[in-house]
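Here's a quick briefing on a predicted model.

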2 protein chains.
Amino acid sequence: MSRLSPTDFAAHGPLRVGLIGFGCVGQGFYDILEQLPNAEVSVARIAVKSPTKARPLPAERFEFNADALVHDPTLDVLVELIDDAEEAFRLVSTALRLGRHVVTANKAMLARNLPALLRLERKHGGTLLYEAAVAGSIPVLRTLDAHFGAEPLLAVRGILNGSSNYVLSCMAEQGSDYATALHEAQALGFAETDPTLDMAAFDPRSKAVLLAAHAFGLLVPPERVLNLGIENVTAADIAFARSQGQKIKVVADVRRHRSGAVSVLVTPQLVAADSPFYTVEREANGVEATAAFGGPQFWRGAGAGGHPTGSAVLADVLALRRGCRYRYAKLRPEAEVRLAQNLELNIYLRHPDEAVVGEALDWLGLPGAALAADAGGPYATGTVPLTTLLAWRDDLRARGIFVARTGEVRKAAQSILLNSAVAAETAA
Amino acid sequence: MSRLSPTDFAAHGPLRVGLIGFGCVGQGFYDILEQLPNAEVSVARIAVKSPTKARPLPAERFEFNADALVHDPTLDVLVELIDDAEEAFRLVSTALRLGRHVVTANKAMLARNLPALLRLERKHGGTLLYEAAVAGSIPVLRTLDAHFGAEPLLAVRGILNGSSNYVLSCMAEQGSDYATALHEAQALGFAETDPTLDMAAFDPRSKAVLLAAHAFGLLVPPERVLNLGIENVTAADIAFARSQGQKIKVVADVRRHRSGAVSVLVTPQLVAADSPFYTVEREANGVEATAAFGGPQFWRGAGAGGHPTGSAVLADVLALRRGCRYRYAKLRPEAEVRLAQNLELNIYLRHPDEAVVGEALDWLGLPGAALAADAGGPYATGTVPLTTLLAWRDDLRARGIFVARTGEVRKAAQSILLNSAVAAETAA
């Protein structure tokens with residue numbers, strides 16, 4: 001982070017916050033401030049969507065027009081914590097056009113609109129911080145942006161979704177099936193009623209996009225990033241991993257290749273006991289960043305929950321008060337970073353029906369010899385181009401096939417180069 | 001960190017650094033800059049002590065009067081990386097009196113002189129940063145100071161000495177004895193020729209003192225902090241830990257008690273497989289900070305080595321350029337933090353001679369029933385007041401007795417209150 005307009009905030013007592021949204025994170029943030037009267041931050045106005053929903057504060061604390069907060073010049077900081085990504089973008093971009101200071105935790109909104117938001121921030125002199133959008137309580141964006149800003153990074157990997165990690169932990173620890181584990185996670189508040197964003201890895205994909213921007217200066221549209229989820233995972237997959245001494249985790253993988261291009265993907269992965277991710281259980285998140293000189297860094301902390309995430313929101317609000325902003329040190333107009341696509345992945349896939357596994361082998365161009373079977377039924381292993389997985393991602397999911405990575409992301413051999421752009425990338 | 005005198009550094013091209021000391025960390029820092037021509041930092045002058053020592057750069061790069069650098073107004077930042085704590089304090093305090101910006105990694109110097117250095121920093125408007133002094137490559141001070149500055153912390157624990165951790169890993173993995181493992185660590189550059197500072201836990205004690213200042217606002221003289229080392233550890237101790245499913249690690253433990261007082265100690269400790277420290281091996285360091293709202297955070301990274309530590313030095317230099325300084329948010333004159341001494345520790349101790357173990361039981365006020373024996377010979381376990389261990393620390397070490405903690409630090413019962421100061425503390 002670096003300094004910006006240090007005199008923006010007059011020494012007029014507590015920082016006046018306009019809070020938009022009062023869900024889990026909003027209530028967590030509010031509750032922390034109630035318990036920390038010395039934090040020099042006060043929530044002056046709260047805007048929510050529904051006038052009828054029951055809330056834990058008196059009705060007079062709430063209003064229903066978020067735009068009024070965006071345009072209130074007496075508020076020092078806007079904290080946007082609503083679910084709706086489109087509405088969030090409308091509010092945050094309007095606020096940035098007014099040169100305002102904004103904190104958000106909306107990873108889907110950020111991942112889709114980061115280039116536009118950065119342009120607005122720079123053009124109008126506002127500030128946008130969003131530590132809580134990635135890895136909950138872990139200050140990963142701040143650390144990558146400031147401490148490792150000058151240093152080349154080789155890779156950033158992470159378990160970035162507490163809900164799917166909770167489900168996988170339950171299945172491994174209790175032997176429960178996917179539906180039971182998901183139900184438990186929902187009952188405990190670690191998974192949404194509609195679990196698709198979390199379980200199909202859309203949520204960690206958004207976070208991986210943000211990590212790619214801060215760690216490597218890559219701005220990639222989320223839809224270009226492979227996301228494979230755990231909706232089709234079964235006890236047979238957990239047992240297969242265990243038979244190898246491994247666990248299944250959903251791991252985001254962002255790394256720079258020798259060509260300078262950066263790959264981004266989020267998939268289930270078999271991880272061994274010597275992996276830092278092996279011990280990241282339940283709603284925890286974990287991130288490993290490998291720095292060129294600092295070496296591998298591993299951070300673990302709560303990835304969800306009102307207080308842990310609210311804690312990161314508060315840290316951003318106070319950073320704004322000190323004039324901090326992200327530096328995006330790796331994002332340099334003179335050195336555009338390309339998305340690496342010319343990659344091969346080692347995968348494992350399984351479905352109870354051998355015919356379905358065989359069909360998937362055809363889709364992915366794997367030889368019939370890749371088909372195997374164990375006590376859990378038919379499965380296959382093999383090496384597949386990333387582009388092939390991207391093309392068949394939705395079909396694999398729809399057919400109920402579970403796919404996981406079993407090794408490192410590797411550069412593909414020249415022979416499977418897909419187009420001239422990729423060829424140019426490889427030659428670079 | 002917060003802003004300070006943002007216009008101190010003119011936009012005059014690369015930041016001009018005066019480097020004092022060219023040992024492992026100094027060379028690592030210099031080498032990183034050689035490999036990062038875009039870092040906008042240049043080493044303008046290098047001062048070293050010995051005119052005759054062979055060095056990897058041409059002789060004309062070196063000079064031998066560090067004071068000349070301290071007084072050179074054309075240098076933007078002084079980077080102090082010498083071994084000698086007294087000389088380092090003389091140089092750094094002189095520089096701060098001149099209002100200069102200083103980066104150091106000298107933990108012994110800092111721990112002994114922190115109150116004086118803070119007074120000089122505040123009085124003369126200079127800046128002192130020292131991320132590399134604690135946990136090598138892990139940005140723990142910056143994270144505690146800035147991200148967790150507003151949030152109460154409950155505990156900060158850590159493996160803060162890569163040398164002793166390397167020795168313990170070797171003994172556990174290879175079954176080697178202490179002398180052999182130490183020799184290996186020395187041969188690989190992970191331990192000094194005189195291993196006392198590392199092996200007797202003086203070095204991690206200095207780091208614990210710095211953590212106590214940033215995490216809790218406690219300024220404690222190092223000699224008031226219990227440090228027990230591993231110079232007397234034997235294969236019998238490693239085997240005992242393994243028989244419990246545990247490992248022996250040297251863990252610094254800084255925590256706030258219900259009274260508000262903070263305890264600081266560094267001792268060998270038996271850690272179980274579910275501890276984050278169980279997987280911190282060899283020269284790695286690991287820190288766990290438990291935040292009131294953010295929850296437990298764990299960070300692991302290289303704790304030693306020229307590049308990892310030099311990377312932290314560079315991050316400080318660039319932070320200075322952006323006007324950053326430590327905020328010491330927990331260090332508030334109106335809320336003085338007391339050192340908790342009224343504590344009990346669960347310990348394990350061993351010596352090959354049963355008479356020596358018996359004598360130690362007398363010293364520590366443990367009943368004879370605490371004495372036991374296994375295949376590795378006589379040992380004892382029991383609960384001992386912290387003050388008793390402080391009083392007998394040197395005798396235990398001199399007699400060749402190995403002592404480790406076996407559980408959490410606990411508040412002692414009223415019945416063993418030692419003096420009125422402690423009583424007042426407990427009543428608070």
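B:Tyr328 is buried, because its relative accessibility is 2% and the cut-off for buried is under 20%. This residue sits in the loop between β14 (324-325) and β15 (343-350) of chain B. Keep in mind that the model is predicted.

- B:Tyr328 isn't a glycine, yet its phi is positive, at about 45 degrees.
- That's worth a look because most residues other than glycine have a negative phi.
- B:Arg282 is another non-glycine with a positive phi, this one about 55 degrees.
- You'll find B:Arg282 in the loop that links β11 (262-272) to β12 (284-291) of chain B.
- B:Arg282 has 22% relative accessibility, so it counts as partly exposed.

**Where chains A and B meet**
- Chain B puts 39 residues into the contact, and chain A puts in 39 residues as well.
- About 3300 Å² is buried between chain B and chain A, with 57% of that coming from carbon and sulfur atoms.
- On the chain B side, the elements giving two or more residues are β1 (2-3), α1 (24-35), α5 (140-147), β13 (295-302) and α11 (306-321).

**Polar links and strand pairing**
- There are zero salt bridges between chain B and chain A, but 10 residue pairs are in polar contact.
- Strand β13 (residues 295-302) of chain A pairs with β13(B) in the antiparallel sense, over three bridges.
- Within that pairing, A:Arg300 has B:Phe298 in β13(B) as its bridge partner.

Terms used. Residues numbered from 1 in each chain as written. Chains lettered and ligands numbered in written order. Predicted model: local features only at pLDDT ≥ 70, side-chain atom pairs only at ≥ 80, totals over all residues. Heavy atoms only, no water. Contact = heavy atoms within 4.5 Å. Buried area = accessible area lost by both parts, 1.4 Å probe. Salt bridge = Lys/Arg side-chain N within 4 Å of Asp/Glu carboxyl O. Polar contact = N/O pair within 3.5 Å; in protein donor to acceptor, adjacent residues only side chain to side chain. Helix = DSSP H or I, 4+ residues; strand = E, 2+ residues; numbered from the N terminus. Pairing = 2+ DSSP bridges. Buried < 20%, exposed > 50% of the residue type's maximum accessible area, 1.4 Å probe, protein only.
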